[in-house]
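Let's take a walk through this model together. Keep the 3D view open as you read.

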Amino acid sequence: MWAAHDRCVLNELFDFISPPRCVLCNTGALWMCRSCQLALGAAPELVCPGCDRAVRSGVTCELCKKLGSPLDQLISAFPYESRSFHAALAAFKEDGCKEVASILSRRLALRCRESIKAVLGQDWLVVPVPASRERQMKHGFNQSAVIGERVARSLHIPISTTLLRKQKGKKKQKELNVLERRNALKNAFAVTGRAPANVVLVDDVATTLATLETCADQLKNAGARQVIGAVLAHA
Ligand SMILES: [Zn+2]
Ligand SMILES: [Zn+2]
């Protein structure tokens, strides 16, 4: 089986011989045609990460803040229901197509720029959610880090792929009961140093917010005052 890196090298060779087609509809357009880009869907209304109610810029509502929601804001860029979005995501995550990654990340970066106010000074950092060792070994890259790099560049702030680390679980997820699973998630991530005041925590997709909330909790324990979640899509 080809590793993602080898596939990329091969892809580049093929691009040279015959120019790439749209990954979604296979027309002659470069990587993703205009109509497939439109079919990814309009950016969704942003919601409070605590209670899912529509709120301005996805900033956590006062009530959820009081209830201790670890995320201060949640930004997403694509509607989770869009089939085209999931097809594009697979071209990025499974086939390692970096041009599609760029198309998807660009929109999230833009949304972050519009929705996060006052990104000023030194005390900001983009932190991607780390991938499991298995995923990293199989695909050769962490999809969240690829997206995070684009977001960091757009916000003009640094990125750290080492501040948050994924810990190896002793048992497989499938072998755990509900309580064990909750505890395992709590111990799944570790912060390796002091976190800056403001963190933009990046992941590809959030089905539940459990992973983002766990990471946000850990980052706050390590000194962060504000943690903003940024994902391509949120279920
Ligand atoms: Zn197309
Ligand atoms: Zn709320």
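What follows goes from the metal sites to the loops, then to the salt bridges and the helices.

A bit of bookkeeping comes before the tour. This is a predicted model, in which local features need pLDDT of at least 70 and side-chain atom pairs count only at pLDDT 80 or more, while totals for chains, interfaces and linings use all residues. Residues are numbered from 1 along each chain as its sequence is written, chains are lettered from A and ligands numbered from 1 in the order in which they are written, and side-chain values use heavy atoms, with hydrogens and water left out.

Start at the zinc ion (ligand 1). Its protein donors are the SG atoms of Cys 22, Cys 25, Cys 33 and Cys 36, at 2.3 to 2.4 Å. Donors here are N, O and S atoms within 2.8 Å of the metal (3.2 Å for Na, K and Ca), and sites may look incomplete because water is not among the atoms. Along the chain, these donor residues are spaced C-x2-C-x7-C-x2-C. For reference, ideal angles at a metal with four tetrahedral donors are 109.5 degrees. Cys 33 and Cys 36 are both buried, where buried means under 20% relative accessible area, exposed means over 50%, and partly exposed is in between (1.4 Å probe, protein chains only).

Now hop over to the zinc ion (ligand 2). Here the coordinating SG atoms come from Cys 48, Cys 51, Cys 61 and Cys 64, at 2.3 to 2.4 Å. Their spacing in sequence is C-x2-C-x9-C-x2-C. The site counts as tetrahedral because its four donor atoms subtend angles of 100 to 117°. As for accessibility, Cys 48 is buried at 0%, whereas Cys 51 is partly exposed at 31%.

Two backbone spots deserve a quick look. Most residues other than glycine have a negative phi. Asn 26 is not a glycine, yet its phi is positive, about 65°; you'll find Asn 26 in the loop between helix 1 (4-17) and helix 2 (34-39). Helices (H or I, at least four residues) and strands (E, at least two) are DSSP runs, numbered from the N terminus. Ser 57 also has a positive phi, about 60°, without being a glycine. Ser 57 sits in the loop between helix 2 and helix 3, and with 25% relative accessibility Ser 57 is partly exposed.

On to the charged pairs. How many salt bridges does a search of the whole structure find? It finds three, a salt bridge being a side-chain nitrogen of Lys or Arg within 4 Å of a carboxyl oxygen of Asp or Glu.

One of them joins Lys 65 and Glu 62, with 3.6 Å from N to O. These two are about one helical turn apart, because they are three residues apart in helix 3 (residues 62-66). Lys 65 is partly exposed at 39%, and Glu 62 is exposed at 54%.

Another pairs Lys 220 with Asp 72, whose closest N and O atoms are 2.7 Å apart. Lys 220 is partly exposed, at 25%, while Asp 72 is buried at 17%.

There is also the salt bridge between Lys 93 and Asp 204, at 2.7 Å from N to O. This pair again links distant parts of the chain, with Lys 93 in helix 4 (residues 83-93) and Asp 204 in strand 5 (residues 198-206), 111 residues apart. Lys 93 counts as buried, at 19%, and so does Asp 204, at 5%.

Finally, some packing. The axes of helix 4 and helix 5 (residues 98-115) come within 8 Å and cross at roughly 130°. Axes are lines fitted to C-alpha atoms, for helices over the stretch in contact, and angles run from 0 to 180 degrees between N-to-C directions. The two helices are therefore oblique to each other; angles under 35 degrees count as roughly parallel, over 145 as roughly antiparallel, 65 to 115 as roughly perpendicular and the rest as oblique. Back in helix 9, Leu 219 is buried, at 0% relative accessible area. Leu 219 and Thr 192 lie 27 residues apart in sequence, with 9.7 Å between their C-alpha atoms.

Methods:
Tetrahedral: all angles 85-135°; square planar, octahedral: opposite > 155°, others 65-115°.
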